[in-house]
Amino acid sequence: MQQVTETKKKSFLSGLTGQILIAMVLGAALGITLHHYISPEAALSFSNKIKMLATIFIRLVQMIISPLVFTTLVVGIAKLGDIKTVGRVGGKALGWFFTASFISLLIGLFYVNILEPGVGINLGHVDMASATEVTGKTQNLSFENFVEHIVPKSIFEAMATNEILQIVVFSIFFGLAAASLGNTVKPVIGALDKMSHIVLKMVNYVMNFAPIGVFGAIAGVFAIRDAEELIITYFKFFGSFLLGIGTLWVVLIAVGYIFLKGRMTELLRRIVGPLAIAFGTTSSEAVFPKLTEELESFGVKDRIVSFMLPLGYSFNLDGSMMYMTFASIFIAQFYKVDLDLGTQMVMLLVLMLTSKGIAGVPRASLVVVAATCGMFKIPVEGIALILPIDHFCDMFRSATNVLGNALATSVVGQWEGNEETEVVSES
């Protein structure tokens, strides 16, 4: 028995997840050490260089996202067969996404009002100029730009810029057209299917760089940030945020056990690796290919995974949604802007709609928060208040987004599997 346990520990530490966790610890240790023993200028130089490891890893992942989304989604829709089935699965997906988003926003709203982290907090020496980069992007959050963001004017441009939502729109039309032509396009669908398997094989190669990327990202952040000082300064904000994220995790996992029963434990075990990568790199996009692979191994049919995940990455960012209400009202509390419950509920609905159109935008959550503050007469420069701690919040947001999408895909996949079983039984 002891030998079996030791074998399991060895395989865990030698596996990808164990390597990523070790890389996080080593990266944090190196960053903290250098932060205390070298000059700020040298630390900044080190941070910029070591972060290149994370940049290279994320770019390697981004390199394969467009072909993976296009090939798997087209093949998946062609296998679904008709518009009616696509509409049914799409309806279930959007119903889940908007319900999950609403619950996430409500959790953020609840905790920020109960704990009031922005009341009486003293944040001196905040660099208001640092908010310019974020607030400058808020002009893109109009209804016109939202529509333009959804519909691609060129599939090649969408692929070049990794606009997942635009690639999804094109792939849906392409897949439906292919399905309507029947046997004549089977060679094309077969070729795309083989191409998707090639891309998934590339995923295995790229994931070998994950521990190196995570090490670079963590070491770079801790080298220039005094984490202890930040946590003390933002103790009330960060603690309240973690309580909200923790509650969201409890809700998501509980819902998972309701729908998936005992299989939820297996799902959690399978997505530990993707969760760790998202947490370390603060990028849920970085785990898209690996998550696709794990969900298919979990038993979700490839056509469901290829349809659900791209949609989820645009419409189902649970961690980001919870943060948006939390951060917006935190800034209002700091500036003593009184928002009654009705106004806060309107803000919640605005956040739910505007957040759906900015997938792929760097620091998307902050852009939406800044735009929402402007709409409700809250000082937009207040975004600078949360910039120093945002990276650490983003680690938890990104991991939560991955959990939410894995759960949504698995549950809808189970619903579809049950529905297919009923149809077969009736016939």
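Here is a short chat about the predicted model shown above.

Q: What kind of model is this, and what does pLDDT decide?
A: It is a predicted model: local features need pLDDT of at least 70, side-chain atom pairs count only at pLDDT 80 or more, and totals for chains, interfaces and linings use all residues. Residues are numbered from 1 along each chain as its sequence is written, and side-chain values use heavy atoms, with hydrogens and water left out.

Q: How many helices and strands are in the protein chain?
A: The protein chain has 20 helices and zero strands. Helices (H or I, at least four residues) and strands (E, at least two) are DSSP runs, numbered from the N terminus.

Q: How much of the chain is buried?
A: Of the 427 residues, 50% count as buried. Buried means under 20% relative accessible area, exposed means over 50%, and partly exposed is in between (1.4 Å probe, protein chains only).

Q: What does UniProt list as "transmembrane region"?
A: The unreviewed UniProt entry lists several stretches, including 164-185 and 311-335. UniProt positions are given in the numbering used here, feature names are shortened, and annotations may be inferred rather than shown by experiment.

Q: How much helix is there over residues 311-335?
A: That stretch is 88% helix and 0% strand, and its end C-alpha atoms are 36 Å apart. Residues 164-185 are 77% helix, with end C-alpha atoms 25 Å apart.

Q: Where is N316?
A: N316 is in the loop between helix 16 (302-315) and helix 17 (318-334).

Q: Buried or exposed?
A: N316 counts as buried because its relative accessibility is 0%.

Q: What does the side chain of N316 join?
A: A polar contact of 3.2 Å joins it to the side chain of N405. A polar contact is a pair of N or O atoms within 3.5 Å; within protein, one must be able to donate a hydrogen and the other to accept it, and residues adjacent in sequence count only if both atoms are side-chain atoms.

Q: New topic. How many salt bridges are there?
A: The count is eight. A salt bridge is a side-chain nitrogen of Lys or Arg within 4 Å of a carboxyl oxygen of Asp or Glu.

Q: Why can side chains pair like that?
A: Side chains of opposite charge can pair when their charged atoms come close.

Q: What does K92 pair with?
A: K92 forms a salt bridge with E416, with the closest N and O atoms 2.7 Å apart. This pair links distant parts of the chain: K92 is in helix 4, E416 is in helix 20, and they are 324 residues apart. E416 is buried, at 1% relative accessible area.

Q: And K290?
A: K290 meets E293 in a salt bridge (3.4 Å, N to O). They are separated by about one helical turn because they are three residues apart in helix 15 (residues 288-298). K290 also forms a salt bridge with E294, at 3.5 Å between the closest N and O atoms. Salt bridges that share partners join E266, R270, K290, E293 and E294 into one network.

Q: Back to helix 4. Is I114 buried or exposed?
A: I114 counts as exposed because its relative accessibility is 54%. I114 is in helix 4 (residues 83-115).

Q: What does T409 touch?
A: T409 is in helix 20 (residues 387-426). Not counting residues up to four places away in sequence, T409 touches L295, V300, I304, V305, M308 and L309. Contact means heavy atoms within 4.5 Å.
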